[in-house]
Amino acid sequence: MNKSKKIIIWILILVSIIVIGVIFAPKLIENNEFFKFIAKDTNSNSVETVNHEKNKQNYSKVIDNIKLELNIPNEWKYEEIPKNEENDFYKYALKLYKSNENQYAMLYFYNNQFSVCGTGRTLKNVNLNNGKEMSIGYYDGKKDWSDISFNNINKNIAVMNYGLTDADANEVIQFIKTIHIIENNL
């Protein structure tokens with residue numbers, strides 16, 4: 001094979017690689033493969049993954065071989081709340097708030113089974129997006145929820161409402177419906 005044929009073949013290979021890159025790069029970006037962030041929590045046996053998309057953040061956390069996945073709208077902020085001596089009733093807590101840090105929902109992974117007082121309490125069972133069921137607790141006829149539990153999936157995980165009302169309280173219900181609670185068999 002002469003030198004000019006080899007050059008033409010290499011040019012064709014290079015052009016093919018560029019064309020394939022132009023075709024598939026937008027799909028990789030659209031699927032956020034370039035924007036995944038993984039952080040290791042050094043205090044526990046957990047891994048957090050956040051995948052930012054156009055309107056939501058795909059949040060993932062592993063605690064004691066239980067994987068929590070949740071789609072959080074981009075306009076909502078979240079922060080993990082570390083355990084200390086005063087709040088040793090949980091293994092993990094995730095604070096979710098929109099614009100006011102003093103009005104928030106807290107997702108807890110409790111050390112023991114979640115339970116509440118039944119006096120004045122009503123329950124509404126709602127299906128999660130994956131078909132499983134969550135229970136929304138209301139007290140004393142109030143329109144805003146008090147707690148969300150996942151007793152049919154994991155009795156130690158619940159979400160508590162700390163001052164969220166109206167549209168914000170309802171929005172939390174909508175994105176909590178995206179939760180996946182998966183037992184990892186490591």
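So, Ile136: at 1% relative accessibility it counts as buried, where buried means under 20% relative accessible area, exposed over 50%, and partly exposed in between, with a 1.4 Å probe and protein chains only. Ile136 sits in strand 9; helices here are DSSP runs of H or I with at least four residues, strands are runs of E with at least two, and both are numbered from the N terminus.

Before I go on, this is a predicted model, so local features need pLDDT of at least 70 and side-chain atom pairs count only at pLDDT 80 or more, while totals for chains, interfaces and linings use all residues. Residues are numbered from 1 along each chain as its sequence is written, and side-chain values use heavy atoms, with hydrogens and water left out.

Okay, what does Ile136 touch, not counting residues up to four places away in sequence? The list is Thr122, Leu123, Lys124, Val126, Trp145, Asp147, Ile148 and Ile173, with contact meaning heavy atoms within 4.5 Å. Take Asp147 from that list: its C-alpha atom is separated from that of Ile136 by 5.9 Å, and the two residues are eleven apart along the chain.

Asp147 also forms a salt bridge with Arg121, the closest N and O atoms being 2.5 Å apart. The cut-off there is a side-chain nitrogen of Lys or Arg within 4 Å of a carboxyl oxygen of Asp or Glu. Asp147 lies in strand 10 and Arg121 in strand 8, residues 121-127, so the pair ties together parts that are 26 residues apart in sequence. And are these two buried or exposed? Both Asp147 and Arg121 are buried.

While we're in strand 10, have a look at Ser149, which is found there too. Ser149 counts as buried, at 2% relative accessibility. Leaving aside neighbours within four places in sequence, Ser149 is in contact with Phe114, Met134, Ser135, Ile157 and Ala158.

Now the core. By nonpolar core I mean a set of buried Ala, Val, Leu, Ile, Met, Phe, Trp, Tyr and Cys residues joined through side-chain atoms within 4.5 Å. The largest one has 31 residues, and those with the most contacts inside it are Met134, Trp145, Ile148, Phe150 and Ile176. Which elements each supply at least two residues of this core? That would be strands 3, 4, 6, 7, 9 and 11, plus helix 2. Helix 2 gives the largest share, five residues. To zoom in on one residue, Ile148 touches Met134, Ser135, Ile136, Ala158, Val159, Ile173 and Ile176, again not counting residues up to four places away in sequence. There's also a second, separate core of ten residues, including Ala93, Tyr108, Tyr110 and Ala158.

On to the rings. The structure holds nine aromatic pairs; rings of Phe, Tyr and Trp (its six-membered ring) pair if their centres lie within 6.5 Å, and planes under 30 degrees apart count as stacked, over 60 as edge-to-face, and the rest as tilted. Trp76 and Phe175 have ring centres 5.3 Å apart and planes at 65°, so that pair is edge-to-face. Trp76 lies in the loop between strand 4 and strand 5, and Phe175 in helix 2, so the pair ties together parts that are 99 residues apart in sequence. Both of those residues are buried. Elsewhere, ring pairs link Phe89, Tyr90, Tyr108, Tyr110 and Phe114 into a cluster.

Another of them joins the side chains of Lys91 and Asp64, at 2.7 Å from N to O. Lys91 is in strand 6 and Asp64 in the loop between strand 3 and strand 4, so the pair ties together parts that are 27 residues apart in sequence. Lys91 is partly exposed, with a relative accessible area of 32%, and Asp64 is partly exposed as well, at 43%.

Last bit, the whole chain. We have two helices and twelve strands. Of the 186 residues, 37% count as buried. And for contacts with a separation of 6 or more, residues 24 or more positions apart account for 39%.
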